[in-house]
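Please keep the sequence and the model at hand while reading.

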Amino acid sequence: MTLRHKSREFALQMLFEWDMSHKKPARVEQNFWKSAKAAATTREFADQLFEGAVAEAEKSDKLVTSLSENWKFERLATVDRNILRLAIYELRYGTAPVNVVIDEALELAKTFSSEEAPGFLNGIWTRRIRRLRGRRRRGRQAELDLRKDFAIEIQRHGANTETP
């Protein structure tokens with residue numbers, strides 16, 4: 001297991017606690033790190049992912065709603081909802097390749113969610129990526145275009161539903 005994978009696990013665990021308890025993110029981090037042990041770099045990356053996913057949660061939730069056909073957002077399992085939040089944040093702001101972020105999200109689902117979760121999450125990603133890749137180039141430019149499209153999609157969903 002890589003340190004970045006462990007950071008994602010820690011970030012997911014903090015997101016789950018935040019989502020269930022509605023505590024301030026700083027309080028969740030403080031409580032979490034009392035019992036979890038990690039190297040400084042692992043902890044820093046976990047905190048970055050957690051804080052970023054929390055900051056972008058509302059926009060991410062709107063994007064997930066648009067991508068999950070015939071499924072109400074409220075019906076998503078808490079862990080699945082937070083796996084999606086984490087992955088969307090990392091797709092928008094992270095440096096890992098898109099396929100790595102998605103593979104990591106699916107691994108988190110296999111570890112922390114139900115048997116059906118990886119298939120459901122993969123379906124969401126596959127539909128969106130196929131649409132985006134259908135009109136894009138291949139290679140490194142395709143990767144950059146895909147990240148840009150996810151960022152635009154998140155901004156669009158956030159902007160369309162916010163009240164002035």
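Helix α2 spans residues 25-35, and its buried residues are Val28, Glu29, Phe32 and Trp33. Seen down the helix axis, these buried residues of α2 fall within an arc of 115°, so they line one face of the helix; the arc is that of the directions from the helix axis to the C-beta atoms. An α-helix has 3.6 residues a turn, so residues three or four places apart point the same way.

The packing partners of the buried residues of α2 are α1 (3-21) and α3 (40-55), where contact means heavy atoms within 4.5 Å.

## Glu104 in helix α6

Helix α6, residues 98-112, contains Glu104, which is buried with a relative accessible area of 15%. Leaving aside residues up to four places away in sequence, Glu104 touches His5 and Arg8. The side chains of Glu104 and His5 are joined by a polar contact of 2.5 Å (a pair of N or O atoms within 3.5 Å; within protein, one must be able to donate a hydrogen and the other to accept it, and residues adjacent in sequence count only if both atoms are side-chain atoms).

## Packing of α1 and α5

Helix α5 comprises residues 78-93, and it packs with α1 at an angle of about 125°, with the axes 9 Å apart; axes are lines fitted to C-alpha atoms, for helices over the stretch in contact, and angles run from 0 to 180 degrees between N-to-C directions. The two helices α1 and α5 are therefore oblique to each other, oblique being the class left when angles under 35 degrees count as roughly parallel, over 145 as roughly antiparallel and 65 to 115 as roughly perpendicular. Residues making this contact include Arg8, Leu12 and Leu15 of α1 and Ile83, Leu86 and Glu90 of α5.

## The chain as a whole

The chain has 8 helices and 0 strands, these being DSSP runs numbered from the N terminus (helices H or I, at least four residues; strands E, at least two). Of its 164 residues, 49% count as buried. Among contacts between residues at least 6 apart in sequence, 70% join residues at least 24 apart.

## Basis of the values

Residues are numbered from 1 along each chain as its sequence is written, and side-chain values use heavy atoms, with hydrogens and water left out. As this is a predicted model, local features need pLDDT of at least 70 and side-chain atom pairs count only at pLDDT 80 or more, whereas totals for chains, interfaces and linings use all residues.

Methods:
Buried < 20%, exposed > 50% of the residue type's maximum accessible area, 1.4 Å probe, protein only.
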